[in-house]
Amino acid sequence: MSYETILFDVSEGVATITLNRPDRYNALTIQMYEEIQHALKQCARNNEIRAIMLTGSGKAFTSGADLVELQANLGTFDISDMLRIGLNRIVTAIRTLEKPVVAVINGVVAGAGGGLALACDMRLASDKATFVFAAFSRIGIIPDAGTTYSLTQLVGTSKALELAMFADGNNRVTADEALHLGIVNRVVPHDDLEASAHEMGVQMAKMATKAIGLTKRSIYAATDRTLEEALENEAALQSVTFKTHDFQEGVMAFIQKREPEFKGE
């Protein structure tokens, strides 16, 4: 598939998906939804890809749904169906992909862009990045793209309500504030973002991919389970990791006091 709204690059075991409509602040379109889904499928199927970085071109990560396209198509589709086959599938694909997915936040994040960023396993942000979760309330709709779920888990109910409701100028979350709230994992100088993302991606690509994927599955599953269920899930999945090459390599490297050379299998 040739992409028109995203860029897709693979290097050193790391796939980089770049939202590429900089003139529209990478506003999300139906075509972009389809291309992102296709790229994520490639990431899932290709064993050479062991980490995924999701970022934006220009000044924004993404400003959310393209309201021009949305307005033009209001009478031709049901918004619920559009969400189910578009953003919802992307968010689900990111969460269920058993490889690490990092949102590299290069600038503005607004509306559904926030949900897309929060769906990723971690967020690396430029010190110039900003988040506007109240972009939804500003146009009279509710948060989507999993924002009501992910934001609440990260910042708690009361703060999530505040961020989602108040669309005044004081509710733009800066990178440092996002770090303090736990919305992002790391903040780096803007000029260092690309190098930091590359370093992080390569580091992840060298990890024990199977174990990392099952760790991801277990941690997300634990948020919806009792402690007893989480313990049983860990026990079941641990038996899978014990059968991998990377486990054997990890143990030998520990015994031999050297760095492990994981193969992702």
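Reply: Let's begin on the surface, where Val251, Met252, Phe254 and Ile255 form a nonpolar patch with about 420 Å² of accessible area together. Patch members have over 30% relative accessible area and no salt bridge, with nonpolar side chains joined within 5 Å and like charges within 9 Å; areas use the Shrake-Rupley method with a 1.4 Å probe, and a salt bridge puts a Lys or Arg side-chain nitrogen within 4 Å of an Asp or Glu carboxyl oxygen. This is a predicted model: local features need pLDDT of at least 70 and side-chain atom pairs 80 or more, while totals for chains, interfaces and linings use all residues. Residues are numbered from 1 along each chain, and side-chain values use heavy atoms, without hydrogens or water.

Val251 sits in helix α13 (residues 245-255); helices are DSSP runs (H or I) of at least four residues. Val251 counts as partly exposed because its relative accessibility is 33%, where buried means under 20% and exposed over 50%.

Now for the inside. The largest nonpolar core has 48 residues, and Leu28, Ile94, Ile105, Phe131 and Ile183 touch the most other members. Such a core joins buried Ala, Val, Leu, Ile, Met, Phe, Trp, Tyr and Cys residues through side-chain atoms within 4.5 Å. Helix α1 (residues 30-45) gives the largest share, six residues. Beyond four places in sequence, Phe131 has contacts (heavy atoms within 4.5 Å) that include Ile105, Asn171 and Ile183. A second, separate core of 13 residues includes Val102 and Met200.

Terms used
Helix = DSSP H or I, 4+ residues; strand = E, 2+ residues; numbered from the N terminus. Buried < 20%, exposed > 50% of the residue type's maximum accessible area, 1.4 Å probe, protein only.
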